[in-house]
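Below are some questions and answers on how the chains of this model meet. They start after the structure.

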Amino acid sequence: MIKKLSAVLLAGALTFSLTACGGSSDSVDKETPAKGDKKVIKILHWKQDNINKAVEEINKKFEEKYPEYKVEYTTTGPDDEFKQAQRARITANDVDVLADLSGMRLSPQEWTPGAKVPDWQQWIDTGLIADLSGQAFIKNYNANDIEKAGTYNDKVYAVPTGKVAMSGLFYNKEIFEQNGLSVPKTWSEFIKLNDALKAKGITPIVVAGKDVWPLKLPVFALQAKILGGGDQQKWIEGVWKGETAYNDDEAVEVLDKMKTIQDNYMIDGFMGIDYATAPSYFATGKAAMLADGSWDAPTVAAANPELKFGYFPLPATEDAAKNASFVGKYDVTWYAAEKGPNKEGALKWLEFFSEPENYTTFVKAAGFIPTQDNIQTESDFIDNELTPYLGDFELAYEIMMINRQNIGEHLAAEGVHTEFLAPGGLYKTAKELADIQQKEWEAAAPK
Amino acid sequence: MYPFGKGFNRFIPLLLLLIPMALYIVFYFGPSILTVIYSFTDVKNLPGSTYQFVGLDNYKDLFFSGNSGERWRSIINTLIFMFVVTIVQNGVALFIAVIINQRLKGDYFYRAVFFLPVVLGVAVVALIWGMMFDPLNGPVNRLYDVLFGYQDMFFGSFTHAFGYIIFVQIWMYMGYSMLIFLAGLQSVPKDLYEAGHIDGTSKWQSFRHITFPLIAPSFTVNMLLSIIGAMSTFDIILATTDGRFNTRTMAYDVYKETFRGSLEMGLPSALSVIQFLIILLFVVVAVRQTRKREVEY
Amino acid sequence: MQNSKTTQILSYGVVFLLLILYVVPLLLVFNVSLKSFNEYLLNPIGIVQNIEWGNYTQAWSEGNFAGYFTNSLIYTVAATGLTIIVSLFAAFPVARGYVMWSGFIYMFFLLSQFLPNPMVAQYKLMLSFKESVSFFGYDTKLGYILLKTTGTGVVFMMFVGYIKSISRDLDEAAGMDGSGYIRYLFQIILPLMKPVIATGVILTAIGVWNDFVGPIMYLPSPANYPITFGLKEFRGQYGNNWPLLACGITIVAAPLIILYTFIQKYLVDGALAGAVKS
């Protein structure tokens, strides 16, 4: 009897050791490449080829300089998939350096009762994010940028690594020249340009509608220049206080102008084009313009190195002077986790990253406008295409907007979602969508 | 009674049973009950956060705030999904099972092919149909163009995306239902049919009066599987449209609110509870209906 | 006779049409997987002209399939093996009434199919395991395997149905010979259950091998990624590279298809056991 029992125990032990093997080999996996006592620094980021490569290069140099560390650089799909990973990893205290999709968005104000508290703010309030105020490397960055995108309650928690323009259109210089067209300065010039292209049988604009969020980009230009007569902040405060509304004239004009573009000048089937494919349409001359953020310039260039292209702000109004500046955001913003496995390593990595030499590598590859002063990007694109329009660089609506909790889908994720407009969507006119939005805004008001 | 000894040996079955029992309680039963409790609290997805009971607030948030319209649409979508999938999938599966069961040549091959999508899994199936339904280079759009002179956006269309997802779901699981029907059909003795043929009963009559009552148990199983499956599936939505273009269902919303929504965990918990209640309702109705039929014959 | 001939032709016709709907997408994927990216762009649908087997090696390395493949193999073998064993531990005594309240236990396990979605609490549970018993919590292979192991699901129910069809006399004869419970289970009962075990294996293996939602939630480190994550590598970067993606699809699908061809002849018997009971 005892014999049988021991046989059973053995069998049981075997099956368990099998699974235990699975469990332990995981820790082995993590430590073998590190050899000995290397301390792992876990960095979480999203996939964007050009930036990933630059970060990997920096990581390699970092490991050479500090052999006691091993960097584990994980990338996930962009947008929602990244947000999910970000949240899971910080909640599990399983990350040391964490990227965010933009600099700090505005947190709730006195005039926004019941507003949605952004994740980063809840993380800081729960003590998950390290305070960087005293760190020497913060001084490498432009104080104004740190103040705008990395500071909360007078303490520095984040490092915004660069600015990007979002409201522009890439344009094919060759196509423009061949047809005697020039960069439009006003809305009516812009419409004329599109009509001229159409008359020549050229598709004016390509955009990655399948991913939906790229549709927001041209809208940011419209919102920044039209809402509140060009003062978004005023309009946003107004909408909280009931002085402006999602269905007032200005807001409807924004939707209406985007509808005009979507209906007439976008490539057929733009709602089926995904974000990764859109640049190749533009780069191969299938469309004269591409609605995309300036960060994608390296991708466009890589897709067709021969292509001569420029970037101009979408002219939202008839006032050329008002139109002549970009709307954008701070892109990739690093946080260090307070309770991660290796906070000290995280700070060391950020310090290394912030050294002007490494930072230059990064910002050049990323195509960002630097947030450190005196950095030579040696980028014709930035010098010739972006700099002329950086005078009144404004933050985009999605950064400025403070949303209500449980807001409806037509206003969710701090956007106005023109994908809901016909013909793709179900709302036939801008006004119809605007009315729904206002209704949802009111329904989300705290009770 | 128990033939494998006395004393301690008598307890070996129970001891071994405790392993699956423990797994079940720790990973499923416990969390399930806890989710119900969470639905009445303000628990957050933050480490070490405490929580308080907030009564029915989460349920109120679900149905009386800015996005309650979407909640209702998710419920309606879930119901459409469930009804269409249950009816079409089982209808087609039963039809094909009956056809294959009449000793067609190559029946093993057919049923192997029809079951294949289950083997491939959701991630692969979604990609395969993503390729078929590619609006730019996809073969289906070319076919549409040739046949009707019409182009579709497929998974990028507000009006059609959900329909295509339902199609893919049925395509994927039809073979599964078919297999269960086939198993039921093969348990029907062949001489029963032959007796029917001599009597001169028509095919339909023999199916209705001889076959169907005998395969009623497989019918019940298939009904339950498709109802529960359709009500709780979200991976196919995640892999095709990711919930865009009005394709969200309750199960998708639970996932989305848990992992991508706000950090509040009470809301998805409440949504889970409502989803459970709806499933329960339909399962009870379905079981009653099919049981009635089994008794009738 | 005449009548039956037309029905037969019709039957073949219907099956053939459906066959097209099932086979064409699969052939298309295989066809695309052999094209170079340029050929795909020029001619996405037509039959491949220049076969590029190199796509597969490229996809294998770019998708990091080597490591992910091993992970998925561990998950699938361990979770499937454990599921079969613990399902047997649960099903046999319940089917035979060798434990108290077996009817109640059966109902309790059946409940697993209807319970409220445990996702929220399960997630918090895995996180708290990581804090306290780190080796089987969130982001560990063992934790994920245990999560995927169940002795109370569909496999359990099929087993109960099948065991009921095995004669009780066998138990008694074995008991007379002095066989112990566990030896009896593994030496006598297990071999008798071949068809239903085959069904259980394929169903469980499908669930684990193809799972991509579970790993998104519970396996965030690259060291633990399963094979389905390899497919993600081909999306993004310069547009979807469909030929490589199609290779990835084939790579992910092939192992299970092979397993399935070995096992499929048992499937109807297994499904029978599942259908009879319930």
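Q: How many residues does the contact take from chain C and from chain B?
A: This is a predicted model. A residue counts here if it has heavy atoms within 4.5 Å of the other chain. On that basis chain B gives 97 residues and chain C gives 91 residues.

Q: What area do chain C and chain B bury between them?
A: Carbon and sulfur atoms account for 79% of the buried area. The total for chain C and chain B is about 8,600 Å².

Q: How many salt bridges and how many residue pairs in polar contact are there between chain C and chain B?
A: A salt bridge needs a side-chain nitrogen of Lys or Arg within 4 Å of a carboxyl oxygen of Asp or Glu. Between chain C and chain B that count is zero. For polar contact, with both residues at pLDDT 80 or more, the count across this interface is 14 residue pairs.

Q: Which helix gives the largest share of the side of chain C that touches chain B?
A: By class, this side of chain C has 67 nonpolar, 17 polar and seven charged residues. The largest share is 15 residues, and it comes from helix H1 (residues 2–33) of chain C.

Q: What area do chain B and chain A bury between them?
A: The contact involves 32 residues of chain B and 34 residues of chain A. Carbon and sulfur atoms carry 57% of the area. The area buried between chain B and chain A is about 2,800 Å².

Q: Which residue of chain B forms a salt bridge with Asp80(A)?
A: Three salt bridges are counted between chain B and chain A. In the one made by Asp80(A), the closest N and O atoms are 3.8 Å apart, and the cut-off is 4 Å. The partner is Arg260(B).

Q: Which elements give two or more residues to the side of chain B that touches chain A?
A: Nine residue pairs are in polar contact between chain B and chain A, both residues being at pLDDT 80 or more. The elements are helix H3 (68–101) and helix H11 (250–259) of chain B.

Q: How are H4(C) and H10(C) oriented to each other, roughly parallel or roughly perpendicular?
A: Helix H4 (residues 65–96) and helix H10 (residues 181–192) of chain C have axes 12 Å apart and pack at an angle of about 105°. Angles of 65 to 115 degrees count as roughly perpendicular. H4(C) and H10(C) are therefore roughly perpendicular.

Q: How many nonpolar residues are in the contact of H4(C) with H10(C)?
A: H4(C) contributes residues including Phe89(C) and Phe92(C), and H10(C) residues including Tyr184(C) and Phe186(C). The contact has no polar and no charged residues. The nonpolar count is 11.

Technical notes: Residues numbered from 1 in each chain as written. Chains lettered and ligands numbered in written order. Predicted model: local features only at pLDDT ≥ 70, side-chain atom pairs only at ≥ 80, totals over all residues. Heavy atoms only, no water. Buried area = accessible area lost by both parts, 1.4 Å probe. Polar contact = N/O pair within 3.5 Å; in protein donor to acceptor, adjacent residues only side chain to side chain. Helix = DSSP H or I, 4+ residues; strand = E, 2+ residues; numbered from the N terminus. Axes fitted to C-alpha atoms, helices over the stretch in contact; angles between N-to-C directions. Parallel < 35°, antiparallel > 145°, perpendicular 65-115°, else oblique. Nonpolar A, V, L, I, M, F, W, Y, C, P; charged D, E, K, R; others polar.
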